[in-house]
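Keep the sequence open beside the coordinates as you read.

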Amino acid sequence: PKTNVMFLKTHKTASSTILNIMFRFVEKHSLTVALPAGQNVHLGYPHAFLANFVEDFRAIGQNYNIMCNHLRFNPSEVRKVMAANTFYFSILRNPIPLLESSYVYYKNYAPAFRISKNVNEYLASPMKYYRPGSYRDNIYARNIMWFDFGYDNNAEDNTKYIQSVLKEIEQNFHLILIAEYFDESMILLKHMLCWDLDDVIYFKLNSRSQDTVQTLTLESKERIKTWCSLDWKLYLHFNQSFWRKIEETIGLEELEKEVNLLRTRQKELMETCLLDQEAVRKSHIKNKALLPFQSGDADILGYNLRRDLDNRTLRTCQKMVMPELQYMSYLYAVQHP
């Protein structure tokens, strides 16, 4: 299995679920993870990443195995932290549901979202609310994926520029996954990293209750393609290359078989671990230590574990449902006592 892996965690793209997968892999193989210095949540985000944003970078240097916390990609600095044979991957999501998700999640944080009534009102005339100058607060309101990859999210949409960025991303990353095909993505990742099926089994983390989803009008959906045209083109490009990669490596028939195995195994684990067989609203989470971070108008769901688990199973199940911040604190304590 490949053990030197850099995951660029993008916003609102199911990336917290992948973070959990990475953290569990770190523990299983006793690896080191590049955690944010000073117990920060992010690696310096939204500033372009610098090596000294990593805890103990001076002492550990290039000997980290895994890097997967939020950062704004800056390849030359990331390479100071990660070994030369590191595998780089990331994930993208359709910008239409992505923008709605960002709107609800960052409602109180991004000024452009805060001063508009709802997502459709915002999209009807974004420039009424959006100030490119206050980019640090408003990054979530336009082309957020483009920004996460290290580029200017207010750049002009011109073909030559877009082509050069896409080419650069292809040179920097071995694999770009697609959130809409999450299970297929996990199978492709498993193949490319030579990991086991259990390494990529997951419970969905950081998702929100359906009733906090705002319904986009057809006009709004079309407007997102223009308003977030950089993200839209990024997504279309890598959605195509994702399926090409599947055909080159696994083939669609084998993919379907493995996706079914993944889902069966996931169902087994849910029956073993979970009291309610599904994620529950924040008010229904019994163990407050497993309560995920809540943001904006979203009700972030979590899990209740069954009470009758033996110690070993309990540990496995706890790690599967452990929210990002709690898992990070735990890894801090292990790695930087």
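Start with Phe293, which sits in the loop between α13 (252-273) and α14 (311-321); helices here are DSSP runs of H or I with at least four residues, strands are runs of E with at least two, and both are numbered from the N terminus. Together with Val41 and Leu325, Phe293 makes up a nonpolar surface patch of about 240 Å² accessible area. Patch members have over 30% relative accessible area and no salt bridge, with like charges joined within 9 Å and nonpolar side chains (Val, Leu, Ile, Met, Phe, Trp, Tyr) within 5 Å. The areas come from the Shrake-Rupley method with a 1.4 Å probe, and for residues only the protein chains shown count as cover.

A word on what you're looking at: it's a predicted model, where local features need pLDDT of at least 70 and side-chain atom pairs count only at pLDDT 80 or more, while totals for chains, interfaces and linings use all residues. Residues are numbered from 1 along each chain as its sequence is written, and side-chain values use heavy atoms, leaving out hydrogens and water.

Next, have a look at helix α4 (residues 95-105), where 10 of the 11 residues are buried. Among them are Pro95, Ile96, Leu98, Leu99 and Tyr103. What do they pack against? The buried residues of α4 have α5 (111-114), α6 (119-124), α8 (144-148), α11 (218-227) and α12 (229-249) as partners, with contact meaning heavy atoms within 4.5 Å. Where α4 starts, Asn94 brings a side-chain oxygen to within 2.8 Å of the backbone nitrogen of Ile96.

That leaves the charged pairs. The structure has 18 salt bridges, each a side-chain nitrogen of Lys or Arg within 4 Å of a carboxyl oxygen of Asp or Glu. One of them joins Lys319 to Glu27, with the closest N and O atoms 3.2 Å apart. This pair links distant parts of the chain, Lys319 being in α14 and Glu27 in α1 (residues 15-28), 292 residues apart. Lys319 counts as buried because its relative accessibility is 15%, whereas Glu27, at 27%, is partly exposed.

Another salt bridge brings Lys233 and Asp157 together at 2.8 Å, N to O. Here Lys233 is in α12 and Asp157 in the loop between α8 and α9 (159-172), 76 residues apart. Lys233 is partly exposed at 34% relative accessibility, and Asp157 is partly exposed at 30%.

Then there's Glu258 with Lys190, whose closest N and O atoms are 3.3 Å apart. Glu258 is in α13 and Lys190 in α10 (residues 182-193), so the pair ties together parts 68 residues apart in sequence. Glu258 is buried at 8% relative accessibility, and Lys190 is buried at 15%. Finally, a network of salt bridges links Lys28, Asp196 and Asp199.

Note on methods: Buried < 20%, exposed > 50% of the residue type's maximum accessible area, 1.4 Å probe, protein only. Polar contact = N/O pair within 3.5 Å; in protein donor to acceptor, adjacent residues only side chain to side chain.
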